[in-house]
Protein chains: 2
Amino acid sequence: MLRTHTCGELRLSDVNKTVTLSGWVQKSRDLGGMTFIDLRDRYGITQLAFNEDGDKDLNSRARNVSREYVIQVTGTVIERESKNKNNPTGEIEILVKDFKILNESQTPPFTIEDNTDGGDELRMKYRYLDLRRNEVRKNLELRHRMAIETRNYLDKLNFLEVETPVLIKSTPEGARDFVVPSRMNEGQFYALPQSPQTFKQLLMVGGFDRYYQIVKCFRDEDLRADRQPEFTQIDCEMSFVEQQDILDTFEGLVRHLFKTVKKIEMPGVPHMTYANAMKYYGNDKPDTRFEMKFVDFKAVTGGKNFKVFDDAEAVIAICAEGASDYTRKQLDELTEWVKRPQLGATGLIYARHNADGTLKSSVDKFYNEEDLKKWSEACASKPGDLILVLAGPEEKTRKAMSELRLEMGNRLGLRDKTKFSALWVIDFPLLEWNDGDPNLLASLAGRWHAKHHPFTSPKPEDYSLLKTDPGAVRANAYDLVINGVEIGGGSIRIHDRQLQAQMFELLGFTKEEAQKQFGFLMNAFEFGAPPHGGLAFGFDRLCSLFGGSDSIRDFIAFPKNNSGRDVMIDSPSEISDEQLKELHIASLINQTAAK
Amino acid sequence: MLRTHTCGELRLSDVNKTVTLSGWVQKSRDLGGMTFIDLRDRYGITQLAFNEDGDKDLNSRARNVSREYVIQVTGTVIERESKNKNNPTGEIEILVKDFKILNESQTPPFTIEDNTDGGDELRMKYRYLDLRRNEVRKNLELRHRMAIETRNYLDKLNFLEVETPVLIKSTPEGARDFVVPSRMNEGQFYALPQSPQTFKQLLMVGGFDRYYQIVKCFRDEDLRADRQPEFTQIDCEMSFVEQQDILDTFEGLVRHLFKTVKKIEMPGVPHMTYANAMKYYGNDKPDTRFEMKFVDFKAVTGGKNFKVFDDAEAVIAICAEGASDYTRKQLDELTEWVKRPQLGATGLIYARHNADGTLKSSVDKFYNEEDLKKWSEACASKPGDLILVLAGPEEKTRKAMSELRLEMGNRLGLRDKTKFSALWVIDFPLLEWNDGDPNLLASLAGRWHAKHHPFTSPKPEDYSLLKTDPGAVRANAYDLVINGVEIGGGSIRIHDRQLQAQMFELLGFTKEEAQKQFGFLMNAFEFGAPPHGGLAFGFDRLCSLFGGSDSIRDFIAFPKNNSGRDVMIDSPSEISDEQLKELHIASLINQTAAK
């Protein structure tokens, strides 16, 4: 080893020891006869002292060492005169006897500090330097710990981690697949898995009983800030279970993670139907760190000749606690906020429930104090609260109100990143109508699309609706939501060949297509498939939630940018004609360029 | 849960309990008034008893249940009259009160037994049924345990598991890459990693100090029995270390695995130079469960007018202990064996060291008893041993003798799969000449090729040879070999930009090519790269070694066949024109077909 200790471990009790440390020069202070260097590694920072009295040459060499040089020093641990209580090694320093430059460094393009001066783009390009910063390293240490604790928990419950293949078959019923041309099978392609869904179901058919995997998945989507073309799931499946068993097991996992990683005792995770989530929060992943539920104001606002409300399909209110002192200016600004094209509300109505108990609205022309009392009762406002009302088409209004609710949560400080509120959203619809989702192949538009995936079991009590009203069929499907973030979800699966065939038919597959793409699974169902179900958690997102960040990128060692590029290695890139030819493909771009 | 207990957990102490079990019908015996069913799940087998006296209808329904049906039963645990001591649940049975068929099953295409009647091809196609067999499941349980223990060991030593990207950049200096066309970056391709090599080095540059990952890697090679296009590595890297530190750390891992998984205390792992491995075993991965080292017979056989030996570049002997009673017929057969085209020896000379101490050779015409005594001394034969000699061109003869040695090891029962002998082979050559390796692109033939990879550090004492005699340069590279199987290997890496540039030049890269493909790594070396090194173990192979199998396929849940096909899901397969078009590529095969 090029060291006897790390830069994070020496203490007062080590005084007088001769030690060797290796690390990076964090900073250097030249005090004339003395030079001090802060030496950094993953484990901490230790101060080095070079004393001219001891060795003039050593001190002058130390002066020439710059930031991020890699050096190895040998010296004696001594007690520091001015101790630094903020640093675990701050009571000692190393009086250096000898040192060696292991590697020089150019001046980094940004500072390796907690508050760096580097912008996003620059830090992505020099990711290996960004990784030296405490914050980034701590995120990845957290991720490591989360993975270890996930495995510990599941291993104790007899889950087996089984690796499923990465080179599989293209089944573009979900998002787009990434594909891989085969050299040995001319004209054919593998696909990268969007999830190990069918394989984990086959493991259940194979009697594996309890499976998990922390696994990379791939989706060729147009990227948003919190999406990556490759992402990691905690993927799980269980046999001989009902929905409640899965919810219990994985609520246990989440509570175990909070306990071991965050030292937080989580209460039990409540359940909420999809219907109620939409009714009370306008959102299938409500942030339940705060209440501020939707209240249907249709009844309490009707019949007062206020056309905006009377003509609206929906009139919805929320009560923002303690916000009655919002100024006119603040309310005007909030009105502009809801009118932005992204939300598209036509306006915002409000009523102040003043501290003195009086009620005052922006539509006093139509509603007198008596009317407003009904408003107050309907949403249980108290003196000091602010009632906000949106009206318009049902879906659009709910969506806008959901955003407004979250915004008010932010403004009122109700979305504390150190507080966690989890819930299970259950009873999702089985299907949704695809009227041209850009993340799906164009040929799939104008069809029913599986809300979760085509292997999800409808609720038995809704079977009869499959033929008459597919959109009303509820699924045995569930999502775990924490702080308004969808951490993951799953379902009880179909394990009956006939029902699975019916499902494919509903999704617009011909019998031949279904057999060609999923025949292996339907055949497997002929040989004693057990009842089974499972879920998958987005591991990147779970880590970012635990780390208090909105961006999953901060928790991925080498993320890609919004164009799916790795700007550090400059990928994707062109490949040689020799490679293309061996793979039996031609690039249409090259051909066009060559013409 | 659709059960209160698994099929492996009930014991005499559970008698009189009412329990519910779910599982598969392993077999059923109809004894008229009684039906017995063996119910199987992952955890074991429990006997069910259906008694006509109790419930006639129940018994008659039980009779109609066939092999591999999935059933759920409720009943009382009772003590068995005829106990089965070979089954942990063999002292009890369940007197069934009620049961339900959860799913029916067609008759499986092969029996779900330890000794199945299914051939390889059939079992691959119905892998989900093969997975139900104890043997296959136990292999994957072993794999799970190996992964858990690997992580436990490395976590305790402060290694961080970091996920590196799967969609990377094509750098076809090693084997061929699998590539992935990018939809969003027209005309460009990602590649799947052959290993996370450059990323783990960047993590070291990023100060991560100790990294590991159990990770899928991909190589587009022509497949052999023990190769798969996707395979799993235990991939590791450490900073501020020298070669010995890495050998110690990972010898520790292997010993930990043997101890925890196999309950075997491994002795320390000896080191052997590559030169000695070739000299004594003709092989860089010698099976050291037995000695039978090569002995150079050139000196002791020369000058006796036996032209076969005198004209040969190499004359090499081994001494097969206790094989002097090999019959003439056995020796003739062995001679034919070495003359097969795969080995291509021209013949086999032998000398018996008889039990009475006399020596008798197949070339007595040229060598008298006195001469043979020299043979005996040279290879330390004892009465009862058999000396086998091959002669011919150096490399070919060593290779043939290596095979003969392994064959004799097999025939003499010296290669016991429950015994383990490990060694580190060190000081590998840095380079080898590529005269047309079919696993490399044709354009790379007629060049030096990195024996390990282009990032491996030459031994400092051999730097001077880089320009004068590249083939003689030794690397700081090492392989772990157990029982003649290469489990993995690694090296101390180059961390100096100049040396790395020189290495690329030696490998025939122009400056521009090197910069285009590996510029990011060489740039990283400008910013304080620490000395570092690491290794990777083939996880599939390590598992198969622990499981006592020669085939890695047995330890992969869903393996591919020798054409890289998954015959179960029928992949790779054709993709739609819509997909091809979106990816900006054309299939040359489709085009040809269309003409």
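Let me begin with a turn in chain B: in the hairpin of β20(B) and β21(B), where two residues lie between the strands, B:N483 takes a positive phi near 55 degrees. This is a predicted model, in which local features need pLDDT of at least 70 and side-chain atom pairs count only at pLDDT 80 or more, while totals for chains, interfaces and linings use all residues. Residues are numbered from 1 along each chain as its sequence is written, chains are lettered from A and ligands numbered from 1 in the order in which they are written, and side-chain values use heavy atoms, with hydrogens and water left out.

Strands here are DSSP runs of E of at least two residues, helices runs of H or I of at least four, both numbered from the N terminus. Two strands pair if DSSP finds at least two bridges between them. Strand β20 (residues 477-482) of chain B runs antiparallel to β21(B), joined by six bridges, and B:D479 stands opposite B:G489. On β22 (residues 532-538) of chain B, β21(B) pairs over five bridges, again antiparallel; there B:G490 faces B:L535.

How enclosed is strand β21 (residues 485-492) of chain B? Six of its eight residues are buried, so the strand is largely enclosed by the rest of the structure. Buried means under 20% relative accessible area, exposed over 50%, and partly exposed in between, with a 1.4 Å probe and protein chains only.

Finally, the two copies. Chain A can be laid on chain B with an RMSD of 0.1 Å by a turn of 180 degrees and a shift of 0.0 Å along the axis, superposed by least squares on C-alpha atoms of residues with pLDDT of at least 70 in both. The copies are thus related as by a two-fold rotation axis.
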